[in-house]
Amino acid sequence: MKLLPVLLAAGGSRRFEGVKLAMPLPGGTSLLGRSVDALSQVRSSCDTQILPVQVCLGGHADTLKPLLPKGTAIIPSPDWQQGLGHSIAAAANAAQSTDADALLLALADHALLCTQDYESLIQSWQESGKTTASWYLDAPGAPAIFNRADFGELARLCGDKGAKGLLKSLQKQQQLGWMALPGASIDIDTRADYGRFVSTRSE
């Protein structure tokens with residue numbers, strides 16, 4: 001089994017009023033760098049090959065590209081301004097062009113998530129064999145692992161419609177695996193969010 005991790009980092013950060021993913025964090029990295037590191041350090045299990053992380057960029061791409069490790073594969077999202085659905089579709093199209101059996105979609109502004117969280121999600125996916133979502137705020141969400149059978153539907157997403165509708169549909173059909181991941185309920189959308197996150201890391 002091959003799993004392709006894709007970090008979605010194509011948003012325009014309108015609520016942040018700046019390039020939030022480029023903001024520095026304690027330890028000398030950026031928010032984007034922290035997210036890439038957490039996902040890149042996921043270890044392959046005995047029966048799953050973790051492919052190199054790819055990053056979907058759109059808004060602020062010129063600013064964010066230099067913050068990525070050398071050689072990182074970039075998935076362009078030219079229609080990023082039209083909503084998250086277009087970026088997910090770009091990631092799904094990229095996954096379809098590989099021999100990956102599944103696609104892990106993660107959000108770059110989920111600052112609380114660490115490598116162990118992603119590894120736990122992968123383990124849950126392996127155990128169930130189903131498309132598997134994180135569970136928080138009483139609903140399924142990202143990060144989530146989609147089996148190849150879902151790639152076509154993901155590739156048809158557009159506008160502000162993300163993948164939650166697909167996850168809820170699979171849940172209704174009892175075809176969704178899930179894992180409690182309360183840390184995924186926290187993302188950085190505003191300067192105040194960033195300030196709180198940095199202050200907790202500096203204590």
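Modeller: Two strands pair if DSSP finds at least two bridges between them. Keep that in mind for this predicted model.

Colleague: Which residue stands opposite L4 in strand 5?
Modeller: Start with the strands. Strand 1 covers residues 2–9 and runs parallel to strand 5, with 6 bridges joining them. Within strand 5, the residue opposite L4 is L103.

Colleague: How many residues of strand 5 are buried?
Modeller: Strand 5 spans residues 102–107. The strand is mostly covered, and of its 6 residues the buried ones number 5.

Colleague: What is the bridge partner of L105 in strand 7?
Modeller: Strand 7 takes in residues 139–147. Its pairing with strand 5 is antiparallel, over 4 bridges. There, L105 has as its bridge partner A144.

Colleague: Which residue points the same way as C56 from strand 3?
Modeller: Strand 3 is residues 54–57. V55 and L57 point one way, and C56 points the other. All are buried. On the side of C56 sits Q54.

Colleague: Is C56 buried or exposed?
Modeller: The cut-off for buried is under 20% relative accessible area. C56 has 0% relative accessibility, so it counts as buried. C114, at 28%, counts as partly exposed.

Colleague: How many disulfides does a search of the whole structure find?
Modeller: A disulfide needs two cysteine sulfur atoms within 2.5 Å. For C56, the closest cysteine sulfur is in C158, 15 Å away, so the pair is too far for a bond. Across the whole structure, the count of disulfides is 0.

Colleague: Which strand gives the most to the lining of the largest pocket?
Modeller: The pocket holds about 960 Å³ of space. Its lining has 34 residues, with G11, L84, L107, D109 and D189 nearest the centre. Strand 1, helix 3 (84–96), strand 5, strand 7 and helix 6 (164–172) each supply at least two. The most, 4 residues, comes from strand 7.

Colleague: How many residues of that lining are nonpolar?
Modeller: Take the other classes of the largest pocket's lining first. The charged residues number 8 and the polar ones 9. The nonpolar count is 17.

Methods. Residues numbered from 1 in each chain as written. Predicted model: local features only at pLDDT ≥ 70, side-chain atom pairs only at ≥ 80, totals over all residues. Heavy atoms only, no water. Buried < 20%, exposed > 50% of the residue type's maximum accessible area, 1.4 Å probe, protein only. 1 Å grid on protein atoms, 1.4 Å probe; cavity = no way out; pocket = protein on both sides within 12 Å on 5 of 7 lines; lining within 4 Å. Points joined across faces, edges and corners; volume = space filled by probe spheres on them. Nonpolar A, V, L, I, M, F, W, Y, C, P; charged D, E, K, R; others polar.
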